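Work through the exercises below with the structure in view. Each task is followed by a solution in steps.

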Amino acid sequence: MNLTGIKRCMLSSALALSAFCTPYSAWAYTPTPEILQAREDFRDNGFGIFIHWGIYSMLGSGEWVLNDPKIYHNEYKNLAAGFYPSNFNAHDWVKAIKDSGAKYLCITTRHHDGFSMFDTEYSPYNIVDATPFKRDILKEIADECEKQGIALHLYYSQLDWGRPDYNPIGRTGHEPNRDTSGNWRDYLDFMDNQLTELLTNYGKVGAIWYDGMWDRDEIPGGLDPELWNLDAQYALIHKLQPSCLVGSNHHMTPFAGEDIQIFERDKPGENEAGLSGQEVSKLPLETCQTMNNSWGYRIRDNEYKSSDELIQYLVGTAGRDANLLLNIGPRPDGSLPPQALERLAAMGEWMKTYSPTVQGVRGGVVPPQSWGVTTRKDNTLYVHVLDNDADLVFLPYAGNKMLSAKEFATDKKVKFTQTPEGIILTLPKDRKPSPDYVISLNFKNAVPAPQS
């Protein structure tokens, strides 16, 4: 399905990207009331679960296994003929996610290997037509999300390591003698067609989560939004589902038409993983992070973060006014690893008490400190003490009369002193070690947003 009225520049396999016919200029984007409300709902959700699953799980070496130049795409595709996830149960997946306190699920519909995990008319290389399983797992998950009240977000790769029309190729997918005989315009049409299917056949979609544009960052003009036809594609998404958000893991400042800003393996304002040096925007923010060290199932990766570490990571993102999208890589049989289920359950137990301090809140007026972070709602400032050795906490916040300080879980009073420079909290000496000691501070007036 071509988009009428959209002028596209033509590329052939011999045409250098730097010779693109017109320079990019930002297009106008005014978020609709539906989008503005969806952005606020997204921020309120606070916590989501990421699912990286595909035929790559059968090799147990992560979702990037096809990027190995020793693995040929035509041989890799044969994995589909043996893919039969007999233990997949959409109800159990969604229930485990809901019980964790997460409010949305984001699943890979098509990763860089090009295999579609949904029923698509535009490629036979999909879970219904190419596998003996013959079931549309995305439809089953979408139906369960609707039944159980979990928002559905869809990951979609802009990069493809096998299609001839993903041409010229970028810095990944360098299989020897790879076929690059196709036309880039055909690839853009293919993406438009699949996105139309995803936004038409699977109910309400909360967000499209793009990934892969960074693949061409070493090619002159390779990151030009016009090359990727972003304006028309984003407009298509918003037309098909007016409240569907658009986010892209391109590791750059967001482009017009994007509704959320994504940080990979980093909280906003940090760059420990080297992928998040971009400026933090005013859009809703999301940090994606792994439970262990891998996105897709990796049989040798049992280095799971502890439940306490994951709780603290969730709190740390909330204190930076961001959501946490926490990843799980299902096994090839369709089951979620028991290590992941254990951590989901532990986070769910914690969330039964503390979810009001990390969901439906915004980043606190006090920026992150060595002892922890703050979140806020109305006249309340939640102080999250992540350092079990802290005995005094200083909050550099003045100008608002403080009425009380209490432990969030017990309502026990916490000693405080308010000075012209800020607030000093004296923490109980007998408090038990915990991943997050939360204190509720109540003020006379509403607590403002942090100073930018």
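**Exercise 1.** In this predicted model, state how β9 and strand β10 pair, and over how many bridges.

Solution. Step 1: β10 covers residues 372–377, and β9 pairs with β10 in the antiparallel sense over two bridges. Step 2: within this pairing, G363 stands opposite T375 of β10. Step 3: the open sheet has five strands in the order β9-β10-β11-β16-β13, with antiparallel pairing. Step 4: β9 (362–363) and β13 (402–407) are at the edges with a single partner strand each, so one side of each has no neighbour in the sheet.

**Exercise 2.** Find how many disulfides the structure holds, and explain the result for C145.

Solution. Step 1: a disulfide needs two cysteine sulfur atoms within 2.5 Å. Step 2: for C145, the closest cysteine sulfur is in C106, 11 Å away, which is too far for a bond. Step 3: C288 is in no disulfide either, as the nearest cysteine sulfur, that of C106, is 9.1 Å away. Step 4: the count for the structure is zero. Step 5: C145 is buried at a relative accessible area of 2%, and C288 is buried at 1%.

**Exercise 3.** Describe the lining of the second largest pocket by residue and by element.

Solution. Step 1: this pocket has a volume of about 440 Å³. Step 2: 22 residues line the pocket, and A151, L152, K204, V205 and G206 lie nearest its centre. Step 3: α1 (33–45), α4 (137–148) and β3 (151–157) are the elements that give two or more residues to the lining. Step 4: α1 supplies the largest share, six residues. Step 5: by class, the lining has ten nonpolar, seven polar and five charged residues.

Technical notes:
Residues numbered from 1 in each chain as written. Predicted model: local features only at pLDDT ≥ 70, side-chain atom pairs only at ≥ 80, totals over all residues. Heavy atoms only, no water. Pairing = 2+ DSSP bridges. Helix = DSSP H or I, 4+ residues; strand = E, 2+ residues; numbered from the N terminus. Buried < 20%, exposed > 50% of the residue type's maximum accessible area, 1.4 Å probe, protein only. 1 Å grid on protein atoms, 1.4 Å probe; cavity = no way out; pocket = protein on both sides within 12 Å on 5 of 7 lines; lining within 4 Å. Points joined across faces, edges and corners; volume = space filled by probe spheres on them. Nonpolar A, V, L, I, M, F, W, Y, C, P; charged D, E, K, R; others polar.
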